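Please look through the structure below.

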Amino acid sequence: MTKQLPKDAKFRMMRKGKTGAAAMPLSPKKAFDAPWHAEVFALAVHLNEGGYFDWPEWAGRFGENLAAAKTAKIGVVEGLDGSDDYYQIWLQTLIELMQEKGLVDAKMLASIKAQWREAYSTTSHGEPVHL
């Protein structure tokens, strides 16, 4: 006796070897490769919802930073891979906007970075890092 797939249309199309949205795998890939990717994304959404910047402003700056990074990487690697490099640019854009809006300054950022570096270097392997 063979198991039958559910009668849902996407399952029928997968069984028939169709492509497209209906042929999505049963277990989708993770949305973010690393926890910090999700965190920096969420922070940008939170600041937008708080009225600190609007999406057109964000998109314009992020697009400029992406274009600059792609230009800088030509001949070094095959462009951006959409993982850490993409979210590094996301973070760079977020920091720039936060500084322009007076939410953080260079001294505060340096202090926070030093605190995280210290916390990271004094945390046992496999344990969560806390400030």
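In this predicted model, the lining of the largest pocket divides into 15 nonpolar residues, one polar and three charged. Here Ala, Val, Leu, Ile, Met, Phe, Trp, Tyr, Cys and Pro count as nonpolar, Asp, Glu, Lys and Arg as charged, and the others, Gly among them, as polar. That makes a lining of 19 residues, with Trp36, Leu91, Ile112, Lys113 and Trp116 nearest the centre of the pocket. Helix 2 (35–49), helix 4 (84–100) and helix 5 are the elements that give two or more residues to this lining. Helix 5 supplies the largest share, eight residues.

Helix 5 covers residues 106–121, and its 16 residues reach 22 Å from first C-alpha to last, close to the 22 Å expected at 1.5 Å a residue. The expected span is 1.5 Å times one less than the number of residues.

Confidence is given as pLDDT, from 0 to 100 for each residue. The protein chain averages 80, and 71% of the residues score at least 70.

| Confidence in the chain | Element | Mean pLDDT |
|---|---|---|
| Lowest | Helix 1 (residues 9–15) | 48 |
| Highest | Helix 2 | 93 |

Where pLDDT is low, the predicted coordinates should not be read in detail.

Residues are numbered from 1 along each chain as its sequence is written. Local features need pLDDT of at least 70, side-chain atom pairs count only at pLDDT 80 or more, totals for chains, interfaces and linings use all residues, and side-chain values use heavy atoms, with hydrogens and water left out.

Technical notes:
Helices (H or I, at least four residues) and strands (E, at least two) are DSSP runs, numbered from the N terminus. On a 1 Å grid over the protein atoms alone, a cavity is a set of points where a 1.4 Å probe fits but cannot get out, and a pocket is an open set with protein on both sides within 12 Å along at least five of seven lines; lining residues have an atom within 4 Å of a point. pLDDT is the predictor's confidence in each residue, from 0 to 100.
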